[in-house]
Amino acid sequence: ENWRATVSSFKTETAEGFHYIRVKPGLLDLFVMQGVITFFIAPLGVLLPFFVEDTLHSTPKWYGFLMAGLAFGVTLGSVVSTVIKIAPAKKGKLGGSALILYSLCLIGVGYSQTVVTALLVLMVMGVCSGLMYVLVNSVIQRSTPGEIRGRVFGLLTTATFALTPISMGLAGIVADLVNHDITLIYTGCGICTLIATLMLLLREGLHQLLSGDDYSVNSV
């Protein structure tokens, strides 16, 4: 009986979270945007060792340097976004600019000819990622009532973790199909992310949500 009650409670709370995401203007678009970023960034880490060896013709230690550069950029972007006070009206433009630059950096990684260039591009990409991470979390916290906030964050985390292994598996299959042309894969992922980003940013609900404008929802 306890097990059935737990399952029933889980189903009810999950359904309430989905309902809120659906009725809250811009929030579903935010989830789609996060899903797109998660899906198309996963191949970067999986294929990076092959990219370092086959395309950049460098030693394995540079794989560590590149991953460290990306992590440093994420940390820097997160710190900057929390230390510097940004006016709510400018958060939408900042988030949109970071998304676009993030997509362009993903394309730029594929066309890097030296490890130094790849390192710089990944650092900039990490900064954009850190800014977006803080912005997305602050937007959800600000726009979601406390009694349902945990369910919304739970759904976002679940979707992210579910998409990552799927994307990684597909990345290996595609790499074999294109004869390990990592530049082509990175470029394709970056273009797909850029197109999806531009389409989502044109939606008024997402723009207003990122800008901090109040879209009240009377019922959940």
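1. In this note, Ala, Val, Leu, Ile, Met, Phe, Trp, Tyr, Cys and Pro count as nonpolar, Asp, Glu, Lys and Arg as charged, and the others, Gly among them, as polar. On that basis, the lining of the largest pocket divides into 16 nonpolar residues, ten polar and no charged. The model is a predicted one.

2. The largest pocket holds about 670 Å³ of space. Its lining is made up of 26 residues, and those nearest the centre of the pocket are Gln34, Ile37, Thr38, Ile41 and Ser129. Four helices each supply at least two lining residues: α2, α3 (61-83), α5 (115-143) and α6 (146-177). The most comes from α5, which gives eight residues to this lining.

3. Turning to the rings, the count of aromatic pairs is three. One of them joins phenylalanine 39 and phenylalanine 40, with 5.2 Å from centre to centre and 85 degrees between the planes, an edge-to-face arrangement. Phenylalanine 39 is partly exposed, because its relative accessibility is 23% and the buried class ends under 20%.

4. Another pair is formed by phenylalanine 51 and tyrosine 186. Their ring centres are 5.5 Å apart and their planes stand at 50 degrees, so this pair is tilted. Phenylalanine 51 belongs to helix α2 (residues 27-55) and tyrosine 186 to helix α7 (residues 182-201); the pair therefore links distant parts of the chain, 135 residues apart. Both phenylalanine 51 and tyrosine 186 are buried.

5. Helix α7 also contains threonine 193. This threonine is buried, as its relative accessible area is 2%. Leaving aside residues up to four places away in sequence, threonine 193 touches Val36, Phe40, Ser103 and Leu106. Phe40 is also a member of the edge-to-face pair with phenylalanine 39.

6. How many disulfides does the structure hold? The number is zero. A disulfide is a covalent bond between the sulfur atoms of two cysteines. For cysteine 189, the closest cysteine sulfur is that of cysteine 192, at 6.8 Å, which is too far for a bond; the cut-off is 2.5 Å.

How values were computed
Residues numbered from 1 in each chain as written. Predicted model: local features only at pLDDT ≥ 70, side-chain atom pairs only at ≥ 80, totals over all residues. Heavy atoms only, no water. Phe/Tyr/Trp six-rings, centres within 6.5 Å; stacked < 30°, edge-to-face > 60°. Buried < 20%, exposed > 50% of the residue type's maximum accessible area, 1.4 Å probe, protein only. Contact = heavy atoms within 4.5 Å. 1 Å grid on protein atoms, 1.4 Å probe; cavity = no way out; pocket = protein on both sides within 12 Å on 5 of 7 lines; lining within 4 Å. Points joined across faces, edges and corners; volume = space filled by probe spheres on them.
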